[in-house]
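Here's a quick tour of the model, starting with a few individual residues and then stepping back to the whole chain. Have the structure open as you read.

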Amino acid sequence: MNIPEKLGKYEIKEQVGRGSMGIVYKGYDPFANRDIAVKVAMSDALNDKESGERYRKMFFNEAHTAGKLKHPNIVEILDAGVEETEEGDHCYIVMELIEGGNTLKPYCNAKNLLPFETVIEIIFKCAKALDYAHRNGVVHRDIKPTNILVTADLDVRIADFSIAHLMT
């Protein structure tokens, strides 16, 4: 997938991750003067005649559901949009950038376990964030180590609300 140098007002710098729903890039918001993360939907899935519309709906579900949530342990959704190009549409979600962040996955290896106290703290923060989401009508439905981001100082942010359910 060729990503333009800009999506909307956001400058795209480099790829920082890849998931089942899209590719995540480090970007820059010139109006807010800060680095951001930009998740771009997989273009092949968007252009599929049979499932493209369902994929687009799932992709923007993340912006809609997680965008309602403001919690220190949930990745903040800042914006979402569609950029029309000659190659097709680029659907994107703009989020806070977790500098120096990784996922919990590397710490799920017996040779790289975190100290017990740190694990308890991470569990507590995730539980508080999920409780907050549930009280606001959002069920994540995909909690796993790769959807929990860890900052450089081992703080956590729950990410990827793409298959979340919004309770009415």
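T151 sits in the loop between β9 (148-150) and β10, where strands are DSSP runs of E with at least two residues and helices are runs of H or I with at least four, both numbered from the N terminus. This threonine is buried, at a relative accessible area of 12%. Buried here means under 20% relative accessible area, exposed means over 50%, and partly exposed is what falls in between (1.4 Å probe, protein chains only). Leaving out residues up to four places away in sequence, T151 touches I98, G100, G101 and R157; a contact is a pair of heavy atoms within 4.5 Å.

Before going further, a word on the ground rules. This is a predicted model, so to speak of local features takes a pLDDT of at least 70, side-chain atom pairs count only at pLDDT 80 or more, and totals for chains, interfaces and linings use all residues. Residues are numbered from 1 along each chain as its sequence is written, and side-chain values use heavy atoms, with hydrogens and water left out.

Next, the loop between β10 (156-158) and β11 (165-166), which holds S162. D160 lies in the loop between β10 and β11 too. The side chains of S162 and D160 are joined by a polar contact of 2.7 Å, that is, a pair of N or O atoms within 3.5 Å, where within protein one must be able to donate a hydrogen and the other to accept it, and residues adjacent in sequence count only if both atoms are side-chain atoms. S162 also touches M21, M58, N61 and E62, again not counting residues up to four places away in sequence. As for the backbone of D160, its phi is near 60°, a positive value in a residue other than glycine.

R141 has a positive phi as well, about 70°, although it is not a glycine. You'll find R141 in the loop between β8 (138-139) and β9.

R18, meanwhile, belongs to strand β2 (residues 10-18). R18 is in contact with I23 and M42, once its neighbours within four places in sequence are set aside. Between R18 and V40 there are 22 residues in sequence and 9.5 Å in space, C-alpha to C-alpha.

Here is how the accessibility of four of these residues looks side by side:

| Residue | Relative accessible area | Class |
|---|---|---|
| S162 | 4% | buried |
| D160 | 13% | buried |
| R141 | 53% | exposed |
| R18 | 57% | exposed |

Now for the whole chain. The protein chain has three helices and 11 strands, and along the sequence they run β-β-β-β-α-α-β-β-β-α-β-β-β-β. Its radius of gyration is 16 Å, close to the 15 Å that the globule rule gives for 168 residues, so the protein chain is as compact as a globular protein of that length. (The radius is taken over C-alpha atoms, and the rule is 2.2 Å times the number of residues to the power 0.38.) The C-alpha atoms fill a box of roughly 50 × 35 × 30 Å along the principal axes.

Of the 168 residues in the protein chain, 42% are buried. Among contacts with a separation of 6 or more, 53% come from residues 24 or more positions apart.
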